[in-house]
Amino acid sequence: MNTNQIHKAMMVLALSTSFAAVAADSAVTDSDRIEQYREMISDGNPAEFDEMRGEELWKKAAGPNKVSLEQCDLGKGAGVVKGAYSELPKYFKDTKKVQDLESRLLTCMTTLQGFTEDEITAKPFASSKKPSDISSLATYVVGQSKGIKMAVSTKHPKVKESYEIGKRIFNYRAGPYDFACSTCHATSGVRIRMQDLPNMRSSKKDAQIAYTGWPAYRVSQGLTRSFQWRLNDCFRQQRFPEPKFASEATIALTTFLAVNANGAEYVGPGLKR
Amino acid sequence: MNAKLMSITVAATFALAMAPVQATDLDTKTAEIVKRDFRDKGIAKATRVNQDELQAACSKYVDKLPPKLKAKLEAKEAEAIKYPADGKFMGDWKAGEKLAQSGRGMTWSDKPEDVPGGNCYNCHQLSAKEIAYGTIGPSLLNFGKVRGNGEDIQRYVYARIYNAKASNACANMPRFGHMSILTESQMKDLVALLLDPESPVNK
């Protein structure tokens, strides 16, 4: 990002406060408004700050072992970042698990760099006070799949199983409101207040748009958010307890959503309300 | 290990892994994973993932219940509705409008002392003045004007708010009375919001 772009990004940050304020009293839907902002910053999404931060972290020797992540295998061989995100989640032989991007980064940070899992999972999401290394790393990695079509293979039986479990979790109703993901995301053309809800159960197009725009810079929060964060916040709205970071439940859901997005070009990191 | 033995072992492992997994096994496995992978956060305790009979059935059949099971579950939900002891259903529509506007309640970011709202505008159009309404549920604009406001309709609306699953087992609307989200007097205020001729819903 050059100075000019940084200026534009700062302007968006400043606008984000008034943006939240107008959201409630206008007939314009959030997606219309987001479109306007996209045009305004067409040559610079503030998520690029996180991509740069993530790239530095990827290349820097860190952790007790003082090594970089350049030997991390994201599924296309050690050190290959380009196109890796478009094929995740995948089955990994070394961990004997199906893993999404964030759980795989967690594996590399613990096995290669020597961090403990608890250190990373205690606060895996960024706040206005503190950025999150694992989120920045994820933003860097996804940026290297921009323009590459989603191609998550279900040939491996474990991935197929993960997809099937993810589908069941998508429909799993519980909690005081009886909500499931499907309560909000299985009908086309509906919204909550002014927020359009993608139908990720039966609309291929909705499922593709919803998945390929994440991770995303959220204008209302002034932060770049990862996919694990997206799921976490939807479970909050679902009145569920908190899903453990990078747990099998979240990975299975991600497999379900990623496979449904197959065929679409990955376009993130995105820009959202 | 010689090459032949090796290939047999690989083939055997592969065959094992490829054995078709039964749908019921997947249901069981899903339940185990869900019970293990969620934790308490604030007021949202891990036990919230435990399903009651209705939630489990709607999940299993992906909201399309066999007709017999649907009727059975609806009857059970209807039986559990507690109607107001004083026989009155109409409260204060002004308080009802405030409740309908509030989307607060029961998430892990809500405090124990926060009073849950009705979330009605999240899913329904109600007053013509409020244009930021959701569309998961049907429009309730002019509800009282169209449906009248006699005793029968008052009772019907109260029951709908108390337990929407009594009339449609897998409806997407929460069971506000059944799950103790709203109190009896709050539900009366909402009945008034929908039915009182002075309410903005009917103006």
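Author: Let's start with pLDDT, the predictor's confidence in each residue, from 0 to 100. This is a predicted model, where local features need pLDDT of at least 70, side-chain atom pairs count only at pLDDT 80 or more, and totals for chains, interfaces and linings use all residues. Residues are numbered from 1 along each chain as its sequence is written, chains are lettered from A and ligands numbered from 1 in the order in which they are written, and side-chain values use heavy atoms, with hydrogens and water left out.

Reader: Where does pLDDT stay under 50 in chain B?

Author: Where pLDDT is low, the predicted coordinates should not be read in detail. Here that concerns residues 11-17 of chain B, with pLDDT under 50 and one contact (heavy atoms within 4.5 Å) beyond four places in sequence. Chain B as a whole averages 92, and 90% of its residues score at least 70.

Reader: Thanks! And what scores does the model have for ipTM and pTM?

Author: ipTM is 0.92 and pTM is 0.91.

Reader: How do I read two packed helices, and at what angle do H3 and H6 of chain A pack?

Author: Two packed helices are described by the angle between their axes and the distance between the axes. Helices are DSSP runs (H or I, at least four residues), numbered from the N terminus. Axes are lines fitted to C-alpha atoms over the stretch in contact, and angles run from 0 to 180 degrees between N-to-C directions. For H3 (residues 47-59) and H6 (residues 133-143) of chain A, the angle is about 100° and the axes are 7 Å apart. H3(A) and H6(A) are therefore roughly perpendicular (65 to 115 degrees). Among the contact residues are Trp58(A) of H3(A) and Tyr140(A) of H6(A).

Conventions:
Parallel < 35°, antiparallel > 145°, perpendicular 65-115°, else oblique.
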